[in-house]
Amino acid sequence: MAITLTHYLVLASVLFVIGLIGVMRRKNLLMLFFATEILLNATNIAFAAISHYIGDLSGQMFAFFIIAIAASEVAIGLGLLIVWYKRTGKIDLDQMNSMRG
Amino acid sequence: MFEAIAFYLFAALTIVMFTITVMTSQALYAITAMAAGMIFISAFFFILGADFLGAIQIIVYTGAVMALYAFGMMFFDTTRNVVEKRTNPRIVFVLGVLAAVMVVAIFVAPIVSNNIQALYPIQENVGNSQAVGMVLFTKYLVPFELAAVMLLVAMIGGIVLAGKKMDKSLTLMKEEEIDGLDEGFEPEAGGH
Amino acid sequence: MDVAFIIETIAKIVVILLIFSALAGLGTYFERKVLAFMQRRLGPMHVGPYGLLQVAADGIKLFTKEDIVPQNVVKPIFKIAPVITAATAFMASAAIPFWPQFTAFGYTVHPIVADINVGILYVLGIMAIGLYGPLLGGMASANKWSLISAARSAAIFISYEVITGLALLAPLMMVGSLSLIDINNYQAGGITHWIVWSQPVAFVLFWIAAFAETGRTPFHLVANDHEIIDGFGTEYSGMRWGMFFIGEYANMFFISFVISIVFLGGFGDGTIAGAVQLLLKVSFFFFFFLWTRAAWPDIRPDQLMWLCWKVLMPIAVLNVVATGIVMMF
């Protein structure tokens, strides 16, 4: 019952797909952000697992940079959402169609 | 043996938690399940020997990112049911499963994994945090600095976007003054 | 992984749980006594000698009280929130060495559950998760005071984590290890080797931030009695409310341990004298929490944020930079 790299990669892809379904399904922007965080975390697991099984630290480095990207995403994303909410009072994706040509 | 038990336990817990996050219509369930899922993911990092990454995962994701989302939830008044219009649920699942099959096919393709070589082997005699530090501050120094600049830009962006009219204290104003503030704000907002 | 190791670990976990649950109960007694003496009262006197059995009486009351779950709350989250506070407080204790290693009946015991090599980061991280108790409890309650309290707890915890992290960075740069045992051994040479002499600024910063992390009086804004009743605890009753309390007091003890080990030499060279010293240091820090509560008023939320971002954080960053420059030359 040894756990191999494939186990971790399958787990990562399952989580990635859950996140993908969330991205396609959600209309509330805050809930949509949650789904994107799931995507980032799934890739993090894959990177850490590859780093462990190949014996190379680069995978962990990429995971660190992904965490940094997630932190920036939250700061900017929530800032934009606050501006949008102040203007419209809603954070629904379907309402964001003012640029329809 | 222990590794297998831990892996399957945390895998099941993570999948259940993230499924709740994606599927529920109750915003509080979503954020609680999300935070729990993040902590369970750090368990994988501890199993894989990436202790430093696991601790960072707990501190950054659970301590900061999800708390910021909780703050956003209170701000946007979405602490109860989230009403969303569902257009076509079936196509979402079909696309999701198709993507799953493709991702698994790409990952398990033997061509990819056979050509990977360890460029920065994990040193045996130092702990994980020392090893991470050595690689991070030699080979990945430039990306590290760029990430620092990116975080600075994100911080300034967040302050500028969210911090408009922060110098006016609503608690010290009268009710009419606050209303007047809104009216003064509207033409500017309606200018788009 | 042999059986002896598993049994030993489980025994340690049980002992720590029992001791610190009891201490959390006794902590309420000490708090009432200390506050009473500072206000020229006697405090609890009726139950048992000097009111010592008041703890048991409070426990019986909390356990047998009716567990009320109000109507419009989000029930599962409302029920799980106090458990999060108590559980995270005890989870954080896994990486804290409470006592030097000793030999009993020919068997060497390490009084630490897991000496992971990122010890202090782990403790900080788990203490950061502790914010989910007040946060989720406040958001799940159908009560505006609870909601305000939840918002405050999110703001305070996120802000003051920056201070704890930056304040600890300077001592960690000197030690070169994240394990609390290594940090302790670095200062094993006696009182002149304590980190507090070389890092006084970091010590004061961390101490201030500890009040915010545990939510004690100058920064007791998450459950400020005179403006938001009991904050996140307003809707709770019985043992659920008691669990918030156990978590808070256990957190006070654990953060006292962390301050003593990182800045004040911990248990020194590992003799019995050093171990007793550690307990005395921890008792002093715990007493200081109560002392501050008797002596200081609460500050306003905006003053708290001003203190964090405009005073403490620049000082912490300058401290890190100065330590780096000194270490380089």
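Predicted model: local features only at pLDDT ≥ 70, side-chain atom pairs only at ≥ 80, totals over all residues.

**Entry 1: a helix pair in chain C.** I began with the crossing of α11(C) and α12(C), which is right-handed. My rule for the hand: a crossing is left-handed if the near helix is turned anticlockwise from the far one by less than a right angle, and right-handed if clockwise. Helices here (H or I, at least four residues) and strands (E, at least two) are DSSP runs, numbered from the N terminus.

Residues are numbered from 1 along each chain as its sequence is written, and chains are lettered from A and ligands numbered from 1 in the order in which they are written.

Next I looked up the geometry: α11 (residues 238-263) and α12 (residues 272-295) of chain C pack at an angle of about 125°, and their axes are 9 Å apart. That angle makes α11(C) oblique to α12(C). For the record, angles under 35 degrees count as roughly parallel, over 145 as roughly antiparallel, 65 to 115 as roughly perpendicular and the rest as oblique. The axes are lines fitted to C-alpha atoms, for helices over the stretch in contact, with angles from 0 to 180 degrees between N-to-C directions.

Which residues make the contact? On α11(C) I noted C:Met252, C:Phe253, C:Ser256, C:Phe257, C:Ile259 and C:Ser260, and on α12(C) C:Leu278, C:Lys281, C:Val282, C:Phe285, C:Phe286 and C:Phe289. Two residues are in contact if their C-beta atoms, placed from the backbone, lie within 7 Å. By class I have nine nonpolar, two polar and one charged residues; Ala, Val, Leu, Ile, Met, Phe, Trp, Tyr, Cys and Pro count as nonpolar, Asp, Glu, Lys and Arg as charged, and the others, Gly among them, as polar.

**Entry 2: another pair in chain C.** I then turned to α9 (residues 200-214) and α13 (residues 301-328) of chain C, which pack at about 145° with axes 10 Å apart. Their crossing is left-handed. I listed C:Val201, C:Ala202, C:Leu205 and C:Ile208 from α9(C), facing C:Leu312, C:Ile315, C:Ala316 and C:Asn319 from α13(C). Seven of these are nonpolar, one is polar and none is charged.

**Entry 3: who touches whom.** Which of the two pairs of chains in contact shares the most contacts? I found chains A and B. There, 69 residues of chain B meet 63 residues of chain A. On the side of chain B, α3(B) gives the most, with 11 residues, and the classes come to 55 nonpolar, 11 polar and three charged.

Chain B also has 23 residues in contact with 27 residues of chain C. Again I looked for the largest share, and α3(B) supplies it with 13 residues. This side has 14 nonpolar, eight polar and one charged residues. Chains A and C do not touch, and their nearest C-alpha atoms are 13 Å apart.

**Entry 4: chain A and confidence.** I counted three helices and zero strands in chain A. Its C-alpha trace spans about 55 × 25 × 25 Å along its principal axes. Lastly, I noted ipTM 0.86 and pTM 0.83 for the model.
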